[in-house]
Amino acid sequence: CLSQSPVQAGTTVADINASGHYAADAMMFTNEALRQAVPVSGRVVGDDGQGVPGATVMVKGTTIGTATDANGNFTLNVPNGTGTLVVSFIGYKRQEVPINNRSSINISLATDARALEEVVVTGYATQEKKDLTGAVAVVDVSEMTKQPEAQVTSMLQGRAAGVTVLGSGQPGAAQQVRIRGFNTFGNNSPLYVVDGVPTQNINDINPNDIASMQVLKDAGSASIYGSRAANGVIIITTKRGKEKVRVQYDGYYGTQRPPEGNVWDLANPQEMAELNFRVAPTEALYGSGANPVLPDYLAVGRNTGLMEGDPRVDPSLYNVNPLYTGGSGELGSFYRIVRANKEGTNWFEEVFNPAPIQSHNVAVSGGGDMGSFYFSANYFDQEGALMNTFYERYTVRANSTYNVTKNIRIGENLAYSIINDRQIGGGENVINMAYREQTIIPVYDIMGNFAGSFGTGLGNARNPVAQLARIGNNNGLGNRLFGNVFAEVDFLDNFTARTSFGGEMYSNSYRSFTYPEYENAENNTVNQFNQSAANGYNWTWTNTLTYKNTFNDIHELGVVVGTEAYNNFWNNLGGSTQGYFSFDPNFTTLSTGSGTPTNYSGRGEDALFSLIGRLDYNLMDKYLLGLVVRRDGSSRFGPDNRYGVFPAVSAGWRISEESFMQVGWITDLKIRGGYGVMGNQLNVDPGNAFTTYGSNRQFSFYDIDGTNMLTTEGFRKSRIGNPGAKWETNINSNIGIDATLFNGKIDLTADYYVKEIQDLLFNPEFPGTAGAATVPFVNIGQMRNSGIDASVTGHIEATSDLRFDITGILTTYNNEILKISNGAQNFDLEQRRFNGSNIIRNRVGDAMSSFFGYQIEGFWDSEDEIMEANELAEEATGDTAAIYQTGIGLGRFRYADTDGDGIITPDDRVILGSPNPDFTYGLNITATYKNFDFSTFIYGSQGNDIWNQVKWWTDFYPNFQGAKSRTAVYNAWTPENRDAIAPIQENVGSFSTSNVPNSYYVEDGSYLRMKNVQLGYTLPAALISKYGMGSLRVYVQAANLFTITNYSGIDPEISGGTTAFGIDEGNYPNMRQYLVGLNVSF
Amino acid sequence: CEDEFLEKPAIGALSDEVLANEAGVEKLLIGAYAALDGIGIGNWETDPSNWVYGSVAGGEAHKGSDGADQPAINPIATFNVDPSNGFLNLKWRAMYEGITRANSVLSLLEVAEGISEGEKQRIAGEARFLRGHYYFELKKMFNMVPWIDETTTDFNQPNNVDIWPNIEEDFKFAMENLPNSQPQVGRANKWAAASYLGKTYLYQQEFAEAKAIFDDVIANGVTSNGLTYGLVDKFKDNWDASAENNKESVFAVQMVANDGTNTIANGNMGQMLNFPYNSPFRCCGFYQPTLDLANSYQTTAQGFPMVDNYNIDPLKNDQGITSDKAFVPDQQSVDPRLDWTVGRRGIPFLDWGLHPGQAWIREQSSAGPYSAKKFIYWQATADTYADQSSWAPGSAINVLIIRFADVLLMAAEAEAQLGNFAQAQEYVNMVRARADRPENIVTTYVDPSEPLDGFTDVPAANYNVEPYPEGYFAGLGKEEALEAIYFERKLELALEGHRFFDLVRWGKAAEKLNAFFDYEGALLPDVEGGFFTTGKNEYFPIPQRQIDLQTVGGESVLTQNPGF
């Protein structure tokens, strides 16, 4: 027995997965077995002829077994010379070899990433894939991480059935990740469990470190995470060392290419002038003649529209101090001279330029009898194609395991990251300015200072180049230590006790400087330095006891019980100061300005305490049963409703094991189903239970003394408490099949699910009569999601050299809001410039984030048509003064009278579209031919609509005097052009054109995108081995190569919040990328 | 232990126990005052001056700016407003937030310990004054609104009861329990409450009750800082932060500049849009006085207003003339209050220089040639009273909810309604006499290129305003005397947010506003097609959002106003 111990230790090292549980059964020998034992030894090798360390070698039908050592060798005492060895290891096909009285057996394992025996990490346990009863998507990590993205979440797009990811092209921008539709009106982000530690944030995870990734989608798999399971759970396991010391370098360098040309189809200066003269001539700019004349100069002093030779165009009068500190007084003294850019400025190309992207990763790993280690360092650097935006990340990771004795293991997984970035915000941001700033405005004035909309008739947009130049010293810096330490003890043959203490410590800070502006129509005159910082920690202490055993050869039982405690604490603070003598970034701090400093701070704490239980039972490898339950206590609820219980049951039937299903082409077929309850408490503020009063300098202070300069502190009710809030119940049913056909050539998984969310915690708006205090979360909402997730993989070996692997993934979800509150049946969001009329209506009976407004039927083409409609309106209403629709007029939109009452009222507004796709899909094709490998990934979204708010700015003349589109110039309604796209161009806003949301903005946003195509070449081993290299691969890659879509905007991939998304008001587009990369191992 | 681990208190807030004492209730009372400015719920939508609902809807001003900037104001201006208009919802919510804060004071006052009876009465008086004000705003905007007081626990109350009696009761209580003067000028006193009570009677056409109160106020009223009520000599002092809280200030929303928040939330944020464009104020070119309003200030040779025919020969303006082309202001005689109310080309714009006309107007073709002037801060004192910490200016100029000139003109109405024409005329003449004071003539600059160098004695325009001769009102008879009083309110209180509500309570809204739309709508496109419908547009619709939120079992407890 003692002689076996090192080998056993090897087993434990290799098979400990990230959460530290055994992948294979614990093994001990009985005295009985030893007495009759016959030794058998051998070596397990892989495809490449190298020894496979840590492979499990078992005698079939017994508990006798061992694991291979670092070189793949094993020795085993078998009861007698007969029987069969079962050899298995993650990543290889399981193989059975009859012993046939041999004493030496060499076994060659075939690689199989998708083998049914693949061990996947689920909640607090591991299971073989064939035994899964819940809906678990296993992500092909090696394919996923080919996508050159800053974040793992972006890479996940189209890689796992049931997961929908939306993002923008902004480096480091947060992605919207949803698993199976929506579960709440608040935060829908899934729970991430990294090496057993729950977290909400994986932005700083180094993709190169990921060994495996599973998505738990249904209650059967996720309910073990109880109150945090409702949004789905993504389990990530990071890499561990094995075999001999190995050094791996992976890197790429590339360029990101923005779209080129007149991407918004904007009018040039001459076209703008003609449009202006048609609508409301700006004489100051284009003269008083019959036809507009482009001026030579835009702004000169306080004048607009001068010609060459005018004495006022005198450079000696020029006076602009770009870094002025004298406020609006000094600003008023400026004498600008701005030459018109008659050719037109392409503002998009002024702010978007090709930018580099690179990633370098070094990993050192190894393992042996004493334990294993994995160390990695990564540098990722993505410059934004948008000027002065970037994302830079440094990560180091150290994972190690120490085998203290043969049955005690201690280890840790720790990652430290530093992120340095600069991003722009959403909504009306600098990209919005790039299509609003008139094209006649040059970037710079005659002296090289910024030019802008200052002057008459030039609108009020801001110079986007100036805006971006002014964020050049802003900086965000974040760092995080994340990971855990753990210890495991095996005892009494079948038990493993594990304790893990993990969590994160983070801090981040952001500083920015607001420069005074001088070039625009509406200039900010203050200079202000802002700095903010946040830090916090949270810890999760998990203790589990695992029992695994097989009875009578046919009853496999796994039981886990445990406790988990979680505590989270955060802090933030920040401030600002105005009035800086100098704007030198080395001078500006919160303490150096002359103006009044302001400051704020906040902190919060919340906790969970949980009891965990799970039971997995497998009868004869045919009948599978899974039971999970979790009892969570949360500090976010009052004492009466503090605890919630989340049970789930799931079962599977491997029909292919039945004698009546021995069909040749069916290798494996399993039907499974599950039912259970998940919870969600993320959105409930820790103060939810309390009615509180607070003060705020801006909103509750008052100058009761009439000082004109000082306010006195006042209080107001700041929060209405709901001590009765209780757990929501997210009831989930799931039915699915897993099939392996044609001897593993085809793998298929499909699931249908329904999620009913009852007692959904939501904070519906109170009637105005209750005041404006923060309203509490109450258990009021109801929602339903249903859908299908499916994935199919085919493995085709065309010739012995040519192999294809094709995976297709399909995701659908149908979301329906069932209840919002006892009163209102909807809540509206996103008024943008509609000033109180909202674009988005979340309404009972519809999906989240539906677009809402008036349906356009056409234009009012003639006075007769108008008169006729008004007469009908008079008849219908009995009111002789009735008009069919407010602002009715020639060339304006005719709205549909959807309720048939004869006139247009707010009741005629309808759902105009939905940003929720009918389905999304991903298709991944890889091919290997000799030393070449090729892969491509296509992602698509079908049936989603986009609200193209850009058109509000560019297609309607009165919507600010900014740049207008060529549609407004050439394709607007006129008496001669009734077959128009845009309505008549006027200088007043109207209900019947652009003042209210209507169907003009809704477009089909379906698209298909070539996300990635990669061609690699692996150098022959013989060639490189003399340089000490194990392998060397080079590749070229293109990402986002093309997109097929009918959408008229720049990029149909539009993100947003949970309850409001799919609005394009100048989205940061995804860039085409070209890369070269290198993978080397030693 | 497990339970203790899960006990996490709310941070940064206080429970009512901590505030249930004199100091705490006082702080809540300050909070109730702080809701006066409407900021935090809305900005311009909830501005206490009611520039949108009182003045733009009253035909005194255009929305201004670009055609589709703040589009929700367009239907308010033209009476095409529908219940889903977001402005109305914000106004509703801001007023109920004020009411909630006043109710917080009153309910905690009930349970607070250690407060003397006298102090309790004063605190309750102030809280009920404020509540009365917030309800008055709701009443004149929406007519039927739910009554919520400190005893209400179910906020889903119907709007089926006329709340005038409740408003009266609040102001009466305030009048009876508040002191003559207050240690802090921002607090309401007895006389502010009395004036508001008089206004409440007037709105209900209870003229005798109104007269009785106004008699008392005019005879005995003092400001919170103890000044006997009167008209300040300089009309402009009503909007000069350095001269505010004067004897004319009956009740004002106190504004501050540069209060250390680096925002203008306490400094007239609701009017931040209402400055000339491309000007030293930078933004935003809203709130442009109408041609109709400017024309109203024309006077006859006797210095009387042209009550019925002021639009026949309109005041000459610079519409369609670029700033670099010559323009001479009209030489027609005008009431000097014109040039404290309406910024027009060629006339000193306070001490900021001559108004340059088109160059300061954002889009003349849609909203005309004028700029609003009353809430403009002075250049000489801008460092102190203006706040530039936002993208548009803030200022320390108080918003006068009631000023003494308003009281006099309301009293004049009551007297005229009761047949006391001489007394009515005396009150009107007090107001006109002040306008006629030499200080109230706008004079030219010493040097137009250096406006801060000061003013000459030379009038900037042909000013002529005179009090009415003795017996004038009696000669006019009741209807015409009232017309004269109404017109005086227009001239004196223009752009102070009263006009629409005055027109409605006089029953003159359809007549005056439709005449306005006929005239102005033919000249400027933004009010084209405006029409006031009698029996409907007297009140704004109950916000649809509130109707939806107050739904129980599919039926709303709120009843929509007629016609919507």
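**Charge pairs at the interface and within the chains**

Seven salt bridges are counted between chain B and chain A, a salt bridge being a side-chain nitrogen of Lys or Arg within 4 Å of a carboxyl oxygen of Asp or Glu. The structure is a predicted model, in which local features need pLDDT of at least 70 and side-chain atom pairs count only at pLDDT 80 or more, while totals for chains, interfaces and linings use all residues. Residues are numbered from 1 along each chain as its sequence is written, chains are lettered from A and ligands numbered from 1 in the order in which they are written, and side-chain values use heavy atoms, with hydrogens and water left out.

One salt bridge joins the side chains of Lys325(B) and Glu283(A), at 3.6 Å from N to O. Across the interface of chain B and chain A, 33 residue pairs are in polar contact, both residues being at pLDDT 80 or more. A polar contact is a pair of N or O atoms within 3.5 Å; within protein, one must be able to donate a hydrogen and the other to accept it, and residues adjacent in sequence count only if both atoms are side-chain atoms. Several elements of chain B each supply at least two residues to the side that touches chain A, among them helix H3 (22-34), helix H6 (86-111) and strand E2 (249-253). Helices (H or I, at least four residues) and strands (E, at least two) are DSSP runs, numbered from the N terminus. H6(B) gives the most to this side of chain B, with 10 residues.

In total, 96 residues from chain B and 100 residues from chain A take part in the contact, defined as heavy atoms within 4.5 Å. The area buried between the two chains is about 7900 Å², and carbon and sulfur atoms give 53% of it. Buried area is the accessible area (1.4 Å probe) that two parts lose on being put together, summed over both. Within chain B, the residues that lose the most area to chain A are Leu6(B), Lys8(B) and Asn262(B), together 9% of what that side buries.

Over all chains, the count comes to 98 salt bridges. In chain A, Asp490(A) and Arg409(A) form one of 2.8 Å, N to O. Asp490(A) lies in strand E25 (residues 475-491) and Arg409(A) in strand E24 (residues 408-422), 81 residues apart. Both are buried, that is, under 20% relative accessible area (1.4 Å probe, protein chains only). Glu1003(A) and Lys951(A) also meet in a salt bridge, at 3.3 Å from N to O. Glu1003(A) is in strand E49 and Lys951(A) in helix H13 of chain A, so this pair ties together parts 52 residues apart in sequence.

In chain B, Arg403(B) forms a salt bridge with Glu496(B), the closest N and O atoms being 2.6 Å apart. The relative accessible area is 1% for Arg403(B) and 7% for Glu496(B). Arg403(B) and Glu496(B) belong to a network of salt bridges that also includes Glu248(B), Asp335(B) and Arg337(B).

Glu392(A), in strand E23 (residues 390-405) of chain A, is buried yet has no salt bridge; the nearest side chain of opposite charge, Arg422(A), is 8.9 Å away. For charge, Lys and Arg count as positive and Asp and Glu as negative, with His and the chain ends not counted. The side chain of Glu392(A) does make a polar contact of 3.2 Å with that of Tyr394(A).

How values were computed. Buried means under 20% relative accessible area, exposed over 50%, partly exposed in between (1.4 Å probe, protein chains only).
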